[in-house]
Amino acid sequence: MSIWANILEAMRNLLATKQRSILALIGIIIGTGSVVAMLSIGGMVRHETLKRFEDMGTDLISIRLRAPEPDQGLGVSDLAQVEQGLAPWFAVVTPSIEAGVWFELGGQEQFFTQLGSTANMQALYRLELAAGRFISPFDHYQRFAVVGQQVANAYADAGQLLAPGSTLAIDGRIYSVIGLLERAPEDLFGGTDVNHSLIIPIGALSRLDGGEIDSLAARIKPGLAHQASIEQAGQWFAQHFPGLDAEFSSPEQMIAQMQQQLRLLTLMLGAIGSISLVVGGVGVMNIMLVSVTERRREIGVRLAIGARRRDVRRQFLIEAVILALIGGLLGLVLGALAAWVVAYFAGWGFFVTLPVLLLGFGVSAAIGVFFGFYPAIQASKVDPIIALRS
Amino acid sequence: MNTSLSQNRLLELEGIRKEFQIGPARLEILKGISFEVAAGELLAVMGTSGSGKSTLMNILGLLDRPSAGRYRIAGEDIGQLDEPSLARLRNERIGFVFQQFNLLPRLNARDNVALPLQYRGLPRREALARARAMLDAVGMGDRDHHRPNELSGGQQQRVAVARALVGEPSLILADEPTGALDSRVGQEIMEMFLRLHREQGTTVIIITHDPGIAAQCARLLRMRDGLLVEHDALAA
Ligand SMILES: Nc1ncnc2c1ncn2[C@@H]1O[C@H](COP(=O)(O)OP(=O)(O)OP(=O)(O)O)[C@@H](O)[C@H]1O
Ligand SMILES: [Mg+2]
């Protein structure tokens with residue numbers, strides 16, 4: 001008997017016991033659904049994180065600096081040495097010193113950051129200017145400010161339109177505006193939001209705040225392995241600035257971290273998935289065993305008209321697999337739906353990949369084969385004489 | 001038995017015994033049965049209930065193996081064959097008709113009849129075409145899409161006969177084929193066997209309790225208590 005004839009028969013037999021079949025499938029539906037949801041959500045998180053880094057480039061590295069002991073930090077005067085020392089791995093390095101300040105503007109409390117940096121910052125973060133110019137290496141200690149978009153908006157709301165040449169009084173300091181920024185993408189490393197900042201020549205800010213450098217941003221040289229470069233740069237720091245804590249973040253790490261945060265969800269779905277699949281498998285086994293008992297006479301007749309025992313075995317195995325696949329198919333739909341709901345509330349782009357679907361399908365087929373095997377063997381062992389006598 | 005018959009032996013049984021284990025006891029149901037059937041014979045088997053007719057039929061039809069004795073079909077010793085070979089022989093050379101019809105309830109008449117051909121490996125399309133033709137031949141062509149529970153007993157038995165014949169077997173084994181039918185319908189079924197015997201020369205063995213059916217067969221085997229008690233040519 002051809003495989004198609006077998007499949008056709010299996011469908012017919014399953015249709016004859018629809019309700020019972022569907023009930024037995026709940027486990028497989030939930031199991032496959034969980035697996036598909038788990039993998040889809042993981043895939044979407046990865047994609048979503050990568051997409052955010054796409055604007056910035058995945059070669060962007062952030063280095064948070066902390067000096068546990070006083071006077072061990074990195075000063076502006078050390079910058080030249082650091083730039084040179086990191087040159088084997090990093091193409092561009094830019095420092096930042098941050099000084100946050102609350103103040104009142106047009107009756108509203110505002111929080112802005114004075115961000116001391118260098119001319120490199122513009123290229124590194126791919127900042128676009130709306131007007132004027134960015135800070136330059138020649139600005140040294142000048143109290144110039146390049147204004148982030150949200151800052152400019154806040155001033156506009158308070159009735160003051162900023163333009164190059166305007167002056168600002170913040171935190172008891174006077175800055176002259178040299179440029180205005182377009183909206184910048186948010187900092188993926190969880191650092192300061194450029195949109196709420198005034199970018200000031202680092203010389204000017206360090207002089208005002210005596211500051212140590214809070215962080216560096218850098219781009220890995222094209223063609224270098226990211227992780228290895230980060231490790232080597234870390235060693236360089238340990239060697240030359242032993243008192244300094246340099247904490248590197250890379251997009252890869254950020255993705256790994258986000259996925260780590262999803263681990264609980266993944267574990268949970270994985271556990272639900274595997275338990276449900278086993279329960280579902282037992283359900284399939286049970287329904288098939290019932291079916292074998294109910295259809296003993298049929299099996300006897302089939303043997304009498306020339307079915308081999310392995311024909312009978314194959315027929316029942318195919319039935320179990322199709323049963324499981326129907327569950328798998330419904331599970332795929334359920335899993336995709338769950339992933340869609342998560343994507344909807346997380347604001348991610350929803351997608352399900354073919355490998356995930358194939359895996360879900362494959363898992364349910366495997367369950368069908370595994371748990372359908374024993375009933376199929378039982379079916380093939382039916383004694384036609386006894387079956388036909390009854 | 002004349003020489004032309006013995007040269008043309010389809011079935012040969014020698015000292016066939018069959019025991020069943022019932023609880024702790026072994027019960028001998030067939031106690032040494034020997035006979036031959038020539039190709040093209042029409043044969044009735046009668047005997048009291050429990051005498052072992054169906055047990056013998058199962059052995060003849062290769063559904064069961066004897067505990068002792070030798071059984072040959074067309075000269076081939078059945079004891080030597082493995083399960084798939086027996087299944088193939090059943091499929092190609094033997095057609096069964098049962099008292100309870102034994103059609104598969106979920107399949108329509110045409111699919112029931114096509115089943116032996118599908119197990120033979122014929123493409124579904126061809127199997128269905130031949131099944132249709134066979135249903136026409138037994139006068140059930142207009143019911144080919146009916147399920148068994150939509151057919152009368154006589155109609156179901158016609159479909160069952162079509163299923164037994166569709167593979168063009170050389171041996172038909174019918175275990176009380178008219179036992180569940182009223183005598184008129186039973187006679188219609190009997191006439192199908194007679195025609196088959198006459199026109200195609202198919203060997204037919206019919207187990208029956210009905211003397212009227214047995215009387216229409218050329219030869220009668222009578223069983224009692226696991227033995228052949230009478231082994232004679234009737235009517236002829
Ligand atoms: N598989 C089996 N296991 C145990 N005993 C069996 C088995 N098959 C048949 N028997 C016994 O063998 C005896 C003969 O049974 P069989 O079915 O051959 O009788 P029969 O001549 O066909 O009777 P009937 O005319 O009622 O159909 C019975 O006593 C039956 O109980
Ligand atoms: Mg009987």
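Helices (H or I, at least four residues) and strands (E, at least two) are DSSP runs, numbered from the N terminus. The model is predicted: local features need pLDDT of at least 70 and side-chain atom pairs pLDDT 80 or more, whereas totals for chains, interfaces and linings use all residues. Residues are numbered from 1 along each chain as written, chains are lettered from A and ligands numbered from 1 in written order, and side-chain values use heavy atoms, without hydrogens or water.

View 1. Residues 264-289 of chain A are 100% helix and 0% strand, with end C-alpha atoms 37 Å apart. In residues 316-342 of chain A, likewise 100% helix and 0% strand, the end C-alpha atoms are separated by 38 Å. From the unreviewed entry, UniProt also gives "domain: ABC3 transporter permease C-terminal" for residues 272-384 of chain A. That span is 87% helix and 0% strand, and 42 Å lie between its end C-alpha atoms.

**View 2. The two domains of chain A.** Domain 1 comprises 3-53 + 256-389 and domain 2 comprises 59-249 (bounds from an automatic or database assignment). The centres of domain 1 and domain 2 of chain A, taken over C-alpha atoms, are 55 Å apart.

**View 3. The salt bridge between A:Asp59 and A:Arg219.** The closest N and O atoms of this pair are 2.7 Å apart (a salt bridge is a Lys or Arg side-chain nitrogen within 4 Å of an Asp or Glu carboxyl oxygen). A:Asp59 lies in the loop between helix 2 (18-56) and strand 1 (60-66) of chain A, and A:Arg219 in strand 9 (residues 215-220), so the pair ties together parts 160 residues apart in sequence. Over all chains, the structure holds 26 salt bridges.

**View 4. The interface of chain B with chain A.** Contact (heavy atoms within 4.5 Å) joins 23 residues of chain B to 25 residues of chain A. The buried area (accessible area, 1.4 Å probe, lost on being put together, summed over both parts) is about 2,300 Å², with 61% from carbon and sulfur atoms. B:Leu63, B:Arg106 and B:Tyr119 supply 34% of the area that chain B buries against chain A, more than any other three residues.

**View 5. The salt bridge between B:Asp111 and A:Arg12.** One salt bridge is counted between chain B and chain A, and the side chains of B:Asp111 and A:Arg12 meet in a salt bridge of 2.9 Å, N to O. Helix 3 (83-93), strand 6 (94-98) and helix 4 (109-120) of chain B each supply at least two residues of the side that touches chain A.

How values were computed. Buried area is the accessible area (1.4 Å probe) that two parts lose on being put together, summed over both. UniProt positions are given in the numbering used here, feature names are shortened, and annotations may be inferred rather than shown by experiment.
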